[in-house]
Structure formats: structure tokens, C-alpha cells
Amino acid sequence: MTGTWRHLPATARAIAVTATTAVAAAQARDGQAYDDAVGGLAADERSGLVLGAVVRLLLEESHPEGLTGDDIRQVLTRCVQGAARWRADVDPHVVLVLLAGALGVYDPEGDESPPDASALARHAPLLVADLLAATTVPLDDYLAAAFAEIERTELQD
């Protein structure tokens with residue numbers, strides 16, 4: 001997987017830059033930089049679509065034979081426990097919603113307390129950073145693939 005997103009329109013590039021900053025802050029466990037970056041993600045609802053595609057791509061690559069319930073539980077536990085070491089506000093339910101959403105199995109109508117866009121934006125980079133730890137592929141490549149996939153889907157619709 002190789003590619004770049006730098007040729008995209010300004011709004012898409014802004015999402016990619018902010019997502020990259022947020023994920024880097026999560027990897028460095030830099031609370032202030034993280035808070036600043038996720039505020040930018042929450043401001044653009046399309047960032048959820050992009051990060052959801054990145055999460056799905058990371059899950060597919062790290063589990064080429066498919067995901068089991070145990071795999072999801074393991075990812076959820078690892079992400080939440082790792083993030084809780086430096087983020088007191090990490091919410092397992094929100095991470096689970098992100099996982100289910102990325103896999104296309106989340107039904108907000110069936111959720112008694114669906115997280116808002118801000119909560120999703122605060123947690124998505126934590127999940128992406130956790131999943132990236134298991135790969136040598138840079139985030140830029142996943143972002144480029146996510147944008148390409150979103151573009152293909154939009155053209156087909």
C-alpha cells in the first residue's frame with residue numbers, strides 16, 4: 001500500500017493533516033497536542049468517515065483471515081488500556097462504537113447512548129494509533145487508501 005493524499009482538495013488535506021497530528025500526538029502520549037488536534041477533527045464531520053475507513057483498512061490488514069469476536073475484544077482491550085495510561089477520559093463504549101462502525105455493524109438506533117461526533121473524534125486517533133503499532137506501513141498510506149476508497153464509493157453512488 002503506497003500513496004499520497006497531498007494532491008486532494010484543501011478540505012480533504014486539512015482532515016488528513018489534522019488526523020496525522022492527532023495520531024502522532026496519541027503515539028507520543030502528548031495530551032495538549034492531542035486535545036488541540038482532536039478539536040479540529042470534531043469540527044469536520046467528514047473526518048469520521050476518513051478515520052473509520054482507516055480503522056477498517058488497518059483491521060483488515062492486521063486480520064487477513066477475518067475478525068472474530070475475540071479479535072475485536074483484544075483490540076478494544078489493548079486500545080483502552082493503553083490509552084487509559086495517559087487519557088483519563090477514554091471510554092470503552094466509544095472505542096467499541098468506532099470498531100463496529102468501521103466494520104459496518106453499528107446501529108445507532110439500537111444504542112441507548114450513542115456517542116456524539118466530538119466523542120468519536122476524541123477516540124478515533126487513539127484507535128488508529130493503537131492499530132498502527134502492529135504495522136510498518138505509515139499512516140499516510142492508509143489515509144491515501146481511505147480517500148481513494150471514499151472517492152470510489154462516491155463515484156459509484
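Residues are numbered from 1 along each chain as its sequence is written, and side-chain values use heavy atoms, with hydrogens and water left out. Because the model is predicted, local features need pLDDT of at least 70 and side-chain atom pairs count only at pLDDT 80 or more, while totals for chains, interfaces and linings use all residues.

Student: Why does L76 count as buried?

Tutor: L76 is found in helix α4 and touches P92, V95, L96 and L99, not counting residues up to four places away in sequence, contact meaning heavy atoms within 4.5 Å. Buried means under 20% relative accessible area, exposed over 50%, and partly exposed in between (1.4 Å probe, protein chains only). L76 therefore counts as buried, since its relative accessibility is 17%.

Student: What is the geometry of the aromatic pair formed by Y34 and W86?

Tutor: A pair of aromatic rings is described by the distance of the centres and the angle of the planes. Rings of Phe, Tyr and Trp (its six-membered ring) pair if their centres lie within 6.5 Å, and planes under 30 degrees apart count as stacked, over 60 as edge-to-face and the rest as tilted. The pair links distant parts of the chain, with Y34 in helix α2 and W86 in the loop between α4 and α5, 52 residues apart, and both Y34 and W86 are buried. With 5.4 Å centre to centre and 85° between the planes, the geometry is edge-to-face.

Student: Which residues are the closest to the centre of the largest pocket?

Tutor: On a 1 Å grid over the protein atoms alone, a pocket is an open set of points where a 1.4 Å probe fits, with protein on both sides within 12 Å along at least five of seven lines, and lining residues have an atom within 4 Å of a point. The lining of the largest pocket has 16 nonpolar, four polar and two charged residues, and α2, α3, α5 and α6 each supply at least two of its residues. Of the 22 lining residues, the closest to the centre are E45, G48, L98, L120 and A121.

Student: How far apart in space are I150 and L49, C-alpha to C-alpha?

Tutor: I150 lies in helix α7, which gives the most to the lining of the second largest pocket, with four residues, and both I150 and L49 are among the residues that line this pocket. I150 is buried, with a relative accessible area of 14%, and it touches L49 and V50, not counting residues up to four places away in sequence. Although I150 and L49 are 101 residues apart in sequence, their C-alpha separation is 8.2 Å.

Terms used
Nonpolar A, V, L, I, M, F, W, Y, C, P; charged D, E, K, R; others polar.
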